[in-house]
Amino acid sequence: MSFHKRLLSEVKLWTSGRRSVIGRGKASCIPKVCIVGGGPAGFYTAQHLIKARQDVEVDIYERLPVPFGLVRFGVAPDHPEVKNVINTFTQTAKHSRCSFYGNVNVGKDVSVEQLQQAYHAVILSYGAEGNRSMGVPGEDLAGVHSAKDFVGWYNGQPSCRELRPDLSCETAVILGQGNVALDVARILLSPIDILKKTDITQPALEALAESQVRKVLIVGRRGPIQVACTIKEVREMVNLPGTRPEMVAADFEGVTEALKDLPRPRKRLTELMLKTALEIAVEKEQERRNKASRIWGFRFFRSPIEVLADPDCNRTAGIRLAVNKLEGSGEAARAVLTGEVEDVPCGLVISSIGYKSLPIDPSVPFDTRKAIVLNNMGRVQEAAGVYCSGWLKTGPTGVIATTMNNSFDTARSVLEDMDSGTLDVSAGKPGSQSISTLLEKRGVKPVTFSDWEKIDNVEMRRGEACGKPREKLLTVEEMLQVART
């Protein structure tokens, strides 16, 4: 290209408002990065890249027409403060060097290899869409659901719209004792007056209003000291209006003696559970508990063996649990079978034993056992220029802040590789221009961030009409219809 033409093209790029050609002291090619997945990992990765380097352009591709992933579809409706990160993500999406393309299914509409041809770096941040299987007989019976699907149902995930859980039973058993398990327990037992002021979906609200569930047991294979939830979630259960806790005192044998060796956060959590399980409540609290019509409780040292069917063999009637004992102590303690079993009658079983990432494209090396993309500090093994962040990188662990740090680390790896020359950004790449052409040929029309804002406005207006922060659109078709108006 002649100097004159090059200068003209650079002026065009600079005046477009999205681009900068001043790269570290000299005119350079614009590094183009694409991120697959518009959830917390994707947005945090984009945020760090844009802030750290003044010439990088980032395009975020998301399968659904709406952004924010598990902040929209995973965070409990009664935790609006956790959703405040959406404000930060919105700032990133509106940055002049960032673009959002919703309604694009990478692996189907466009391959990872095609993205590699169009961008200097491809970062996979599409999270964990699969469920870990319990691997026990009866888990396919009606009345058994994964926590991921149950949470998706009350949070408006389009793929979970048809779930329609049967809440006509008295007892529900949740397998797993992490924060998601406690979210599910709290939603099942919360007074409707609390839920109807949240962004829970209308179908879920109506089903919960008719729910006959009066008792929720939260089951874990190890003991109180190994429980996976945090103190905030346990405190919310303890204080949940209209409910009272019911624990098994024997589950807490030896726990008081072990307190002194626990790190402070774990110690405070264990003390709260001990107090809830064993101490006689003060008069006012006892009075509240006596009036409670709903019960919840942890059940420790139990593992599922089989979901039991009703006489017609088509619905859940109970769950058979193995009784465990611990070998070792603290976080490293292992649950081993004692040979004892117990049957718990229940009509609803929710498995909250973890989410699982799925492979997106055969060109990306995937560890099926760990359910993660094989990587080193976010650099995908044997795939130059491909990176990963979030749960796809580490497995489904931690809270949103954990994902933030993990994503910043991946962004740092990308920037280090740009600076060292490991990632070659010297040659120009077409970026979204070539991908848009390809998608158009395939009849795929991406949803931009301003299209999402139309959806956002409609949802908030619908919510306002019934005293809620928003009423979510529940199908991809509805979302696209609003986006295209």
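Helix 7 passes helix 10 in a left-handed crossing; left-handed means that the near helix is turned anticlockwise from the far one by less than a right angle, and clockwise would be right-handed. Helices here are DSSP runs of H or I with at least four residues, numbered from the N terminus. This is a predicted model, in which local features need pLDDT of at least 70, side-chain atom pairs count only at pLDDT 80 or more, and totals for chains, interfaces and linings use all residues. Residues are numbered from 1 along each chain as its sequence is written, and side-chain values use heavy atoms, with hydrogens and water left out.

Two packed helices are described by the angle between their axes and the distance between the axes. The axes of helix 7 and helix 10 come within 10 Å and cross at roughly 20 degrees. Axes are lines fitted to C-alpha atoms over the stretch in contact, and angles run from 0 to 180 degrees between N-to-C directions. Helix 7 is therefore roughly parallel to helix 10. Angles under 35 degrees count as roughly parallel, over 145 as roughly antiparallel, 65 to 115 as roughly perpendicular, and the rest as oblique. From helix 7, Asn179, Leu182, Asp183, Ala185, Arg186 and Leu189 meet Glu233, Val234, Glu236 and Met237 of helix 10. Contact means heavy atoms within 4.5 Å. By class, this contact has 5 nonpolar, 1 polar and 4 charged residues. Ala, Val, Leu, Ile, Met, Phe, Trp, Tyr, Cys and Pro count as nonpolar, Asp, Glu, Lys and Arg as charged, and the others, Gly among them, as polar.

Helix 7 (residues 179-189) also packs with helix 6 (residues 147-155): their axes come within 10 Å and cross at roughly 45 degrees. That angle makes helix 6 oblique to helix 7. The crossing is left-handed. Helix 6 brings Ala147, Phe150, Val151 and Tyr154, and helix 7 brings Val180, Asp183, Val184, Ile187 and Leu188. The contact divides into 8 nonpolar, no polar and 1 charged residue.

Helix 10 (residues 231-238) also packs with helix 12 (residues 264-278), at about 20 degrees with the axes 9 Å apart. So helix 10 is roughly parallel to helix 12. Ile231, Val234, Arg235 and Val238 of helix 10 touch Arg268, Leu269, Leu272, Met273 and Thr276 of helix 12. The classes are 6 nonpolar, 1 polar and 2 charged.

Now the second largest pocket. A pocket is an open set of points on a 1 Å grid over the protein atoms alone, where a 1.4 Å probe fits, with protein on both sides within 12 Å along at least five of seven lines; lining residues have an atom within 4 Å of a point. Its lining numbers 19 residues, with Lys83, Ile86, Asp199, Asp456 and Arg470 nearest the centre. Helix 17 gives the largest share, 5 residues. The lining has 9 nonpolar, 3 polar and 7 charged residues.

Notes. Helix = DSSP H or I, 4+ residues; strand = E, 2+ residues; numbered from the N terminus.
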